[in-house]
Each structure stands twice: as structure tokens, then as C-alpha cells.
Amino acid sequence: MNSGARAARASVAALAGFLIVAGLQLAAVLLVLWIVLSLLPSTVALRAGVPLSIATFGAAGYATWRALHTRYRVPAGVVVTRDDAPRLWELVDKAAAAAGVRRPESVTVVADATVVLGERTRLLGLLGGRRDLYLGLPLLMAWDPDRLRAVVAHELAHYSPKSSRWAPIAYRGRVAVSRVVPRISRRNPAGAVLRAYAGWYRRVDAPFSREQELAADRIAAEHAGVGPAVAALRDLPALAGMQRLFHAEYVGPGWQAGHVPDDIFGGLLRVLAARSADLTRLRTREPEPVGPWDTHPPLADRLAALTPSEQPSEESPEAAEELVPDLPELGRALQAVAFPPGGRAVVSWDEFLSLARTTEMEREAQATLATISRAVGTPVSGPEQVLELAGNGRLREAAGTIFPGGTPEETTARIVDLLGLMLALAALRSGIVRWRHSWTGAAEVVGVGGAYLNLAELAVAAADPETTAAVREYLEKIGVDLAAPADGAGPARAQALGGLVNLTADGERTDLLITDLGLRLLPGLPRGRTAEARRRLTRIAGEGIPAENAGRFVPFVDVASVTELPGRRRGWVIGLRDGGSLTLRPAFDTEELPGGWSAWDDAVAFLAGTR
């Protein structure tokens with residue numbers, strides 16, 4: 001038996017140990033229960049047997065099931081049948097044959113730059129099931145067929161039995177455990193032993209998991225050629241990084257503003273074409289590990305293992321677009337599934353980006369005006385009032401109160417920045433300027449019809465009380481209405497950073513979303529409906545909710561203090577600027593959406609450090 005086969009058998013044996021450890025835990029609880037009942041008088045044992053069994057063995061069994069239960073999540077996507085894309089299916093069939101595995105039952109095109117073969121396993125992967133291939137549309141748009149062959153062959157080769165007949169079980173078990181273990185709650189009484197065992201299992205499995213990744217690379221290179229395999233290894237993390245940048249810089253702000261572009265994936269193509277230098281730079285970086293369960297060796301090791309002796313296959317002349325007919329139409333269909341509007345207005349890219357930038361400025365202005373209002377003791381609602389404060393010198397006094405200890409030059413710089421923001425908003429609201437966008441750099445405000453308007457110089461002049469009135473007169477002359485209301489941007493939608501299910505807020509059962517604008521509290525569901533509560537919170541987090549809807553919203557600007565309660569049971573008292581307070585505590589059945597507690601800890605640290 002070769003070393004690879006021995007390592008695979010050791011990995012599978014360690015995987016089966018999860019079920020043995022879980023069974024031993026339950027057996028230990030059952031033994032203790034039997035001993036306790038045997039020591040009681042028979043009449044007492046008969047009366048106490050059922051409730052005591054439910055309270056001990058039943059609770060332990062439920063906790064163990066919760067800890068080991070595998071949830072199979074189906075990504076949002078568009079299923080592509082053989083009739084829809086016969087050439088794409090031909091590519092998948094040949095990759096499956098090269099890897100020596102059965103072909104997937106379906107191919108689904110998804111929004112992320114990824115390739116994943118999902119299998120619906122049971123018993124932590126010891127038993128297999130249906131396999132579905134999920135292929136990212138960005139790869140179909142940006143890659144040639146050879147790189148697609150390589151990456152699909154690599155993904156299917158994870159289940160290849162070429163190194164050992166135990167290899168497919170080892171891989172799907174590793175995937176199942178990596179999904180289950182991070183979700184085991186720290187409050188789960190069955191979790192401590194299982195988490196400790198998971199650490200040992202990871203060490204046992206690590207040598208074979210790394211070898212399995214290298215073997216999948218070799219199969220991909222043999223099938224598609226060394227060049228395409230190397231290109232796929234370099235390009236996949238780079239393309240995923242560009243997609244994250246695209247969503248953060250281009251899609252996210254407008255999405256939060258309550259709008260959606262009419263062609264998201266078309267915009268991604270424009271960014272890839274315009275920012276090729278950024279893509280090239282990302283190709284040179286070592287991909288960051290996904291997490292403690294990431295099995296991929298360093299990229300340099302993987303590239304070195306693909307020796308030139310593995311000759312590339314003949315290049316295919318077809319373009320990537322021919323694998324799936326009418327990719328733009330597929331992109332629109334996928335957008336409807338992966339990015340449902342959820343009440344957002346569908347607009348062109350140019351209008352989308354303009355509304356996004358304006359809404360960002362409006363949100364920044366609202367937070368700043370609220371701070372200034374508290375400093376001067378009177379409501380300050382817009383550019384007109386800010387210029388009045390600048391003209392009578394009170395704006396400088398307010399800045400000194402808000403930023404004590406700053407030099408006069410620093411205070412002046414902050415005043416100029418604020419006035420620049422206010423003047424730009426007033427000009428945008430009045431239709432005197434507009435946004436000019438670029439797929440390669442930052443957007444800029446330019447005059448409508450070619451008119452030149454230097455807002456930076458006007459802000460400097462407005463900061464001087466002696467010239468504030470002259471700036472006001474000039475603005476009125478060119479048509480800037482300082483009192484123009486904000487309109488057309490729609491209600492801002494908060495971006496969810498994390499979520500917690502089944503907290504208590506002032507003693508009431510509550511679900512919590514931590515957003516970039518504040519805390520969203522929703523009335524909790526009754527006990528026993530935790531799964532439904534998680535689904536509800538996940539849906540709301542994905543849609544983004546306007547601040548005035550859906551439960552109670554506590555903006556960060558309204559928070560005056562955060563105090564952590566002492567004792568073993570964690571808790572926090574959030575003091576509000578209106579004199580009220582909010583007490584949050586976790587419950588026994590509190591669960592988190594991915595990253596929920598981390599987002600909460602970050603929010604508490606931010607509020608405690610800035611209040």
C-alpha cells in the first residue's frame with residue numbers, strides 16, 4: 001500500500017471517529033443517568049425517569065445533532081441544461097472522464113468567480129450523494145476554454161479515486177467537517193469535545209489533503225495543458241479579488257442607496273477591461289488562506305509541482321462565448337436570481353453611479369450636521385445654515401468643540417472640507433453640476449454643459465467670515481440654491497455586517513442586524529423556530545432595509561455610550577443621546593449569522609472608542 005493510500009485511510013478513519021466520539025458522549029450521559037436512577041427508590045425513579053431522561057439524555061442528543069448537522073446550501077444561480085449549452089456540457093464531460101469520476105447531475109451558473117462541485121452528503125461525508133457543479137459567470141466571461149477546462153478538471157479531480165479508493169470519502173468528509181465545526185456554538189454542551197477532536201482530525205488529514213490538491217493540479221495540467229493550468233491557478237484568485245473590488249467600489253454604494261444597475265455583469269466586464277493593471281498586480285500576489293480548513297498548499301509550491309514534462313493539450317480554436325450561447329442574456333437572467341431588486345429602482349449604470357455618490361455625500365452630511373447641531377445647540381439642517389455659521393464665526397467655535405486640541409490650521413482644514421461637501425451637495429441639488437464617472441479612477445463633479453465651477457476654491461473663501469457673503473452672492477448668481485432639498489436619491493439602505501438570532505433586548509426576545517449605519521432590532525420568533533429566524537434575518541440582510549422600516553433602528557449617531565455588564569453572562573447597556581437606554585443580552589439559544597459575533601465586537605469597540 002502506498003503512502004497516499006495509507007494517508008487516505010487514516011483520514012477516513014479519523015472522520016468516522018467524529019461519530020464514535022459523539023456516540024461515546026451520549027453513552028456517558030446515559031450511563032450517568034442510569035446510575036442516578038438506580039440509586040433512587042423505585043417509586044421516585046419511575047416518576048422522575050421520564051423528565052430526567054429528557055433533561056439529560058434528550059438535551060445531550062439534541063445538542064449533538066445540532067453540532068453535527070450538515071446544512072447543504074444551494075447557491076443562487078441559473079441551471080444550464082445540455083440543450084442550453086451542449087459545448088459547455090461537453091467540456092464538463094471530458095473533464096470528468098480525465099479525472100475518472102462520474103459527471104455531475106447538473107451545471108449551475110452562479111455570480112461569484114468560482115468553481116465548486118457540491119455533493120449532498122450524509123453522516124459527515126461518509127455517505128455520498130448527488131453532485132452538482134457550480135460555475136461562476138465571471139469565468140465564462142473572462143476566460144478562454146482551456147483555462148475553464150483546467151479549473152473544472154481540478155475541481156472534479158478532488159473526487160478522483162486515482163490515488164486511493166478512499167480519497168473521495170476523505171475529501172467530501174473534509175468539506176462536511178469544515179462546514180459543521182465553525183458553526184458549533186460555544187454554548188453547545190456537546191461542542192467542546194467535538195471541537196477538540198476536530199483539531200486532531202485536521203492534523204491527521206492535513207498531509208493527504210495537501211497531496212490531494214497537488215494531485216488535482218496534475219490532473220488539470222494533463223487534461224488542459226500546463227500553461228492553462230498555471231494561468232487558472234494565478235487568475236482565479238485575481239479575478240475573485242477584482243470582483244470583490246467591483247462590488248465594494250461600484251455596486252455596494254448604489255445598492256445601499258436603494259438602486260440596482262440594469263446590467264451588473266456588463267459593468268464587471270468594463271471594470272476588468274479598464275483595470276487590467278490591477279488584475280495583473282493581483283496575479284502576482286500569494287492568495288490569502290481562506291481559513292483554518294483551507295487545504296491548498298502555497299501557490300509557489302503548486303506552480304513548482306507542475307513540471308514542464310506535462311505537455312499541454314492541443315489548443316481549441318473556439319472562443320469562450322461559444323460555450324454558452326448568448327452570455328449577456330444569461331447574465332441578465334442570473335442577475336434576476338442572484339441580485340433581486342427587492343424594491344430597488346433599476347437604473348442605467350451612469351445614473352446608478354451618480355445616485356450612489358450623491359447618497360454617500362448625503363449620508364456623510366447628515367451625520368456631520370447632527371454633530372454640529374449638538375455643538376452649537378440649535379438645529380443645522382443644510383448648506384444654508386452652515387454658511388450662516390461660517391459667516392458669523394460660530395462654525396469655527398463648533399469645530400473647536402468637536403475636535404479639541406487641534407491647531408488653527410487643522411481646524412481650518414476641517415471647516416474647508418465640510419464647506420466643500422455642503423457646496424457640492426447644493427450644486428448637485430440645484431442641477432448646476434453633475435457626476436463624471438470613470439471605470440479606472442474616482443468620479444468627479446463637473447459643471448453641466450461644460451461650465452467650470454471650482455468648488456474647492458469657493459470652500460476656502462467661504463471658510464473666511466470676511467468673504468463668506470461674497471461666496472453666497474456668487475452662488476446665487478450662477479443658480480445654486482443653498483436651500484434646495486435633497487431628492488431623487490431614495491432611502492438609504494444599510495449594509496449588513498453581521499447578525500445575531502435570539503438575543504434579548506430589554507427582556508424581549510429579539511433578532512439583531514449589525515449594519516454600517518446602526519443596529520436593526522426585529523421582534524424575535526418563539527422558541528423552536530430558530531431556523532426560520534435565521535432564514536428571515538439572512539433574507540433581510542441580503543436585501544438591505546431602509547432605516548425607517550422593519551423593526552427598531554438605532555443609528556450609531558444616536559448612541560452616547562456602551563457599557564459591558566459584569567458577570568459570566570455577557571450583556572451590554574447602550575446609552576442613547578435622548579436619555580434612554582437599551583440592554584442587550586445573549587440567550588441560551590442565541591445563534592449568529594456568519595461573522596455575527598465578530599461584527600458585534602467590532603461595533604462595540606467602535607462605539608466605545610468614539611463616544
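**Burial, strand pairing and aromatic contacts in a predicted model**

At 12% relative accessibility, Thr530 counts as buried, because the cut-off for burial is a relative accessible area under 20%. The structure described here is a predicted model. Thr530 is found in helix α19, which spans residues 530–543. When residues up to four places away in sequence are not counted, Thr530 touches Val501, Asn502, Arg509, Asp589 and Glu591.

Strand β9 (residues 496–505) and strand β15 (residues 581–592) run antiparallel and are joined over five bridges. Within this pairing, Thr504 stands opposite Arg585 in β15. Strand β15 also pairs in the antiparallel sense with strand β14 (residues 572–576), over four bridges. In that case Ile574 is the residue opposite Leu582 in β15. Strands β14 and β15 form a hairpin in which four residues lie between the two strands, and Gly579 in the turn has a positive phi of about 100°.

The chain as a whole provides the setting for these elements. It has 20 helices and 15 strands, and 46% of its 611 residues count as buried. Among contacts between residues at least 6 apart in sequence, 73% join residues at least 24 apart. The accessible surface of the protein chain comes to about 29,300 Å², and carbon and sulfur atoms account for 57% of that area.

Strand β4 (residues 131–136) is largely enclosed by the rest of the structure, because six of its six residues are buried. Both of its faces are covered: Arg131, Leu133 and Leu135 are buried on one side, and Asp132, Tyr134 and Gly136 are buried on the other. Strand β4 pairs in the parallel sense with strand β2 (residues 106–110), over five bridges. Strand β3 (residues 115–119) is also joined to β4 by five bridges, but these two strands run antiparallel. Tyr134 in β4 takes part in both arrangements, with Thr108 opposite it and Val116 likewise opposite it.

The largest nonpolar core comprises 70 residues, of which Leu88, Leu137, Leu140 and Val152 touch the most other members. Helix α8 (residues 226–256) gives the most to this core, with twelve residues. Apart from it lies another core, of 37 residues, among them Leu418, Leu428, Val433 and Leu482.

A search of the whole structure finds ten aromatic pairs. Phe246 and Tyr250 form one that is stacked, with 6.0 Å from centre to centre and 25° between the planes. Both residues lie in helix α8, four residues apart, which is about one turn of the helix. Phe246 and Tyr250 are both buried. A second pair is made by Phe556 and Phe606, whose ring centres are 6.1 Å apart and whose planes stand at 65°, so the pair is edge-to-face. Phe556 lies in the loop between β12 (552–555) and β13 (559–564), whereas Phe606 lies in helix α20 (residues 596–610); the pair therefore ties together parts that are 50 residues apart in sequence. The burial of the two partners can be stated separately: Phe556 is buried, with a relative accessible area of 10%, while Phe606 counts as partly exposed at 42% relative accessibility.

Phe246 and Tyr250 also belong to one aromatic cluster together with Trp349, Phe352 and Trp439. Arg270 is located in helix α9 (residues 264–274) and is partly exposed, with a relative accessible area of 43%. The C-alpha atoms of Arg270 and Thr440 are separated by 9.6 Å, although the two residues are 170 residues apart along the chain. Elsewhere, another arginine meets an aromatic ring: Arg414 lies over the face of Phe403, at 3.8 Å from the ring centre.

Key. Residues are numbered from 1 along each chain as its sequence is written. This is a predicted model: local features need pLDDT of at least 70, side-chain atom pairs count only at pLDDT 80 or more; totals for chains, interfaces and linings use all residues. Side-chain values use heavy atoms; hydrogens and water are left out. Two strands pair if DSSP finds at least two bridges between them. A nonpolar core is a set of buried Ala, Val, Leu, Ile, Met, Phe, Trp, Tyr and Cys residues joined through side-chain atoms within 4.5 Å. Buried means under 20% relative accessible area, exposed over 50%, partly exposed in between (1.4 Å probe, protein chains only). Contact means heavy atoms within 4.5 Å. Accessible areas come from the Shrake-Rupley method with a 1.4 Å probe; for residues, only the protein chains shown count as cover. Rings of Phe, Tyr and Trp (its six-membered ring) pair if their centres lie within 6.5 Å; planes under 30 degrees apart count as stacked, over 60 as edge-to-face and the rest as tilted. A charge sits over a ring if NZ of Lys or CZ of Arg is within 6 Å of the ring centre and within 35 degrees of the ring normal.
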